[in-house]
Amino acid sequence: MQRILIDTDPGVDDALALLLALKSPELKIEAITTVSGNVHVEQATQNLLRILGLLDLSEFPMIAQGEAQPLVKLLVMAEHVHGEDGLGNISELSNHDGCPRYPLADCNISTISGVDLILELVNRYPNELVIVALGPLTNISRAIQKDPECMQQLQSIVLMGGVFREYGNVTTTAEFNVFVDPHAAHEVFSSGIPIHTVPLDVTHQVVLTGKRLNAETEEYDDRLSNFLRESTQTCMEFYRENVGFYGLHIHDALPIGILTHPHLFESVNAYVQVETEGNLTSGMTVADLRGVHSISKPNAQICLKVNADSFLKLFFQRILN
Ligand code: BDR
Ligand code: CA
């Protein structure tokens with residue numbers, strides 16, 4: 001079993017990724033840390049507890065709240081995509097008896113910070129731990145700043161972030177997670193730690209339509225399936241108005257799939273740089289993918305292709321069972 005720590009800013013697609021990870025027998029989730037991104041970190045931690053409350057877990061991973069602000073920039077959030085609460089506003093819903101429809105899991109939040117929990121776990125499992133980063137890279141870069149030698153003992157970082165051959169989803173040149181904290185992304189890509197990045201180029205290949213979600217879940221009426229239908233609605237409306245279809249991309253679920261079913265994905269080695277300054281290009285990820293030999297040594301694997309049909313099948317098989 002692969003030991004992982006998930007760093008996340010839930011977020012509708014983060015929720016789907018967390019559920020997939022929690023239902024993947026190949027993974028042992030040692031800890032989950034939260035970070036500001038889609039929503040402020042305090043809301044992100046609440047959302048994490050709500051997501052954990054969907055499953056009957058006998059044991060919870062360790063949980064710690066991480067950084068509230070990016071390294072340098074002012075925080076930009078994505079409530080217009082994910083809803084005011086980051087989960088399609090499901091936290092307001094209650095049952096007929098007045099109880100919350102999606103209660104928070106009754107689990108402890110660590111008294112140490114997200115950054116310190118990351119360092120503690122890397123120390124505890126040298127060369128064994130993979131960090132799966134599903135939000136801005138602020139916690140991870142702070143951990144590198146605090147103890148760079150310790151962080152070299154990570155097995156790798158698998159992250160959702162960047163865009164190379166398409167337009168971005170915040171600006172024409174930048175993907176959200178890198179845009180929010182480009183200085184952190186720059187530090188992570190320059191760290192020498194093995195990195196596998198899953199950019200928009202590949203997450204856009206997996207299209208979850210509202211129709212497919214309804215068809216897959218229609219025979220179920222449990223809390224988890226209701227959550228899948230209800231939490232995704234706001235996001236799907238956003239896609240209908242801004243992207244052109246009623247559905248969503250399940251970006252953050254793909255790094256989980258890379259760990260459990262690597263044969264469904266294709267990646268290349270490349271030298272990735274992050275633009276931190278440009279007026280028009282802040283948060284742009286740059287790599288020469290023309291197939292010629294780059295002068296600089298690769299610092300990351302970039303995933304560029306996924307077998308989308310098989311991945312979506314796997315996603316539903318796991319999540320609904
Ligand atoms: C990324 O941005 C966030 O809104 C999503 O959760 C995902 O991590 C996609 O660009
Ligand atoms: Ca995310």
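**Close-up views of a predicted model**

**View 1. Packing of helix α1 against helix α2.** Ala15, Leu18, Leu19 and Leu22 in α1 meet Leu48, Ile51 and Leu52 in α2, where contact means heavy atoms within 4.5 Å. The residues of this contact comprise 7 nonpolar, no polar and no charged (Ala, Val, Leu, Ile, Met, Phe, Trp, Tyr, Cys and Pro count as nonpolar, Asp, Glu, Lys and Arg as charged, and the others, Gly among them, as polar). The model is predicted, with local features requiring pLDDT of at least 70 and side-chain atom pairs counting only at pLDDT 80 or more, while totals for chains, interfaces and linings use all residues. Residues are numbered from 1 along each chain as its sequence is written, and side-chain values use heavy atoms, with hydrogens and water left out.

**View 2. Geometry of the α1 and α2 pair.** Helix α1 (residues 12–22) and helix α2 (residues 41–52) pack at an angle of about 45°, their axes lying 10 Å apart. α1 is therefore oblique to α2 (under 35 degrees counts as roughly parallel, over 145 as roughly antiparallel, 65 to 115 as roughly perpendicular and the rest as oblique).

**View 3. Helix α14.** Helix α14 (residues 308–319) has 12 residues and reaches 16 Å from its first C-alpha to its last, close to the 16 Å expected at 1.5 Å a residue. Its buried residues (under 20% relative accessible area, 1.4 Å probe, protein chains only) include Phe311, Phe315, Phe316 and Arg318.

**View 4. Loop residue Glu92.** Glu92 is placed in the loop between α3 (79–82) and α4 (114–124), and at 62% relative accessibility Glu92 counts as exposed, a term for values over 50%.

Technical notes. Chains lettered and ligands numbered in written order. Axes fitted to C-alpha atoms, helices over the stretch in contact; angles between N-to-C directions. Helix = DSSP H or I, 4+ residues; strand = E, 2+ residues; numbered from the N terminus. Expected span 1.5 Å × (residues − 1).
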